[in-house]
Amino acid sequence: MKTGIIEGFYGKPWSWNDRHQMVTFLSKYNFDSFYYAPKSDEKVRKHWRREWDANEFSQIERFRDHCRSSGIAFGVGLTPIDLMEQWQQ
């Protein structure tokens, strides 16, 4: 069974440092997963089809690598808002 965090809330997003600290905490207490899906990141919601720019992608890669080295599964949660709107019509 997977136990961990889904960062998928409204409000002020965590910093990358906050996320790194959370992964360290999760690893210490035998959790095993972290899913990146903040509501404030348009790249996983409204603009989910757009590529991350080089800086954004680099931060995601560094975070993914930190998760791996800590024994934490990493995933990205998408909310394809444009598709959801089409389905509601």
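Modeller: First, a definition: helices (H or I, at least four residues) and strands (E, at least two) are DSSP runs, numbered from the N terminus. Now the ground rules. This is a predicted model, where local features need pLDDT of at least 70, side-chain atom pairs count only at pLDDT 80 or more, and totals for chains, interfaces and linings use all residues. Residues are numbered from 1 along each chain as its sequence is written, and side-chain values use heavy atoms, with hydrogens and water left out.

Our part is Phe34, which sits in strand S2. Is Phe34 buried or exposed? Phe34 is buried, because its relative accessible area is 0% (buried means under 20%, exposed over 50%, partly exposed in between, with a 1.4 Å probe and protein chains only).

What does Phe34 touch? Here a contact means heavy atoms within 4.5 Å. Neighbours within four places in sequence are set aside. Phe34 is then in contact with Ile5, Glu7, Trp14, Arg19, Met22, Val23, Leu26, Phe63, Ile72, Ala73, Phe74 and Gly75. Take Gly75 from that list. Gly75 and Phe34 are 41 residues apart in sequence, yet their C-alpha atoms are 6.5 Å apart in space.

Phe34 also belongs to the largest nonpolar core. Such a core is a set of buried Ala, Val, Leu, Ile, Met, Phe, Trp, Tyr and Cys residues joined through side-chain atoms within 4.5 Å. This core has 10 residues: Trp16, Val23, Leu26, Phe34, Tyr36, Val44, Ile60, Phe63, Cys67 and Ile72. In soluble globular proteins, nonpolar side chains tend to be buried together.

Val44 is another core member. Apart from neighbours within four places in sequence, Val44 contacts Tyr36, Ala37, Pro38, Trp52, Val76, Gly77, Leu78 and Thr79.

Now look at Arg19, one of the contacts of Phe34. Arg19 lies in helix H1. Arg19 is buried too, since its relative accessible area is 3%. Not counting residues up to four places away, Arg19 touches Glu7, Pro13, Trp14, Phe34, Tyr36, Pro38 and Phe63.

Where do H1 and H2 meet? Trp16, Arg19, His20, Val23 and Thr24 in H1 meet Gln59, Ile60, Arg62, Phe63, His66 and Cys67 in H2. The two axes come within 10 Å and cross at roughly 15 degrees. Axes are lines fitted to C-alpha atoms, for helices over the stretch in contact, and angles run from 0 to 180 degrees between N-to-C directions. H1 and H2 are therefore roughly parallel to each other (angles under 35 degrees count as roughly parallel, over 145 as roughly antiparallel, 65 to 115 as roughly perpendicular and the rest as oblique). H1 passes H2 in a right-handed crossing, meaning that the near helix is turned clockwise from the far one by less than a right angle.

Back to the strand. Ser33 is also in S2. Ser33 is buried, with a relative accessible area of 3%. Beyond its sequence neighbours up to four places away, Ser33 touches Lys2, Thr3, Gly4, Ile5, Leu26, Ile72 and Ala73.

Asn30 is in the loop between H1 and S2. Asn30 is exposed, with a relative accessible area of 67%. Its phi is near 65 degrees, a positive value in a residue other than glycine.

Finally, step back. The protein chain has 3 helices and 3 strands, in the order β-α-β-α-β-α. Of its 89 residues, 25% count as buried. Among contacts between residues at least 6 apart in sequence, 69% join residues at least 24 apart.

How far can you trust this? pLDDT is the predictor's confidence in each residue, from 0 to 100. The chain averages 90, and 92% of the residues score at least 70. Confidence is highest in helix H1 (residues 16-28), at a mean of 97, and lowest in helix H3 (residues 81-88), at 69. Where pLDDT is low, the predicted coordinates should not be read in detail.
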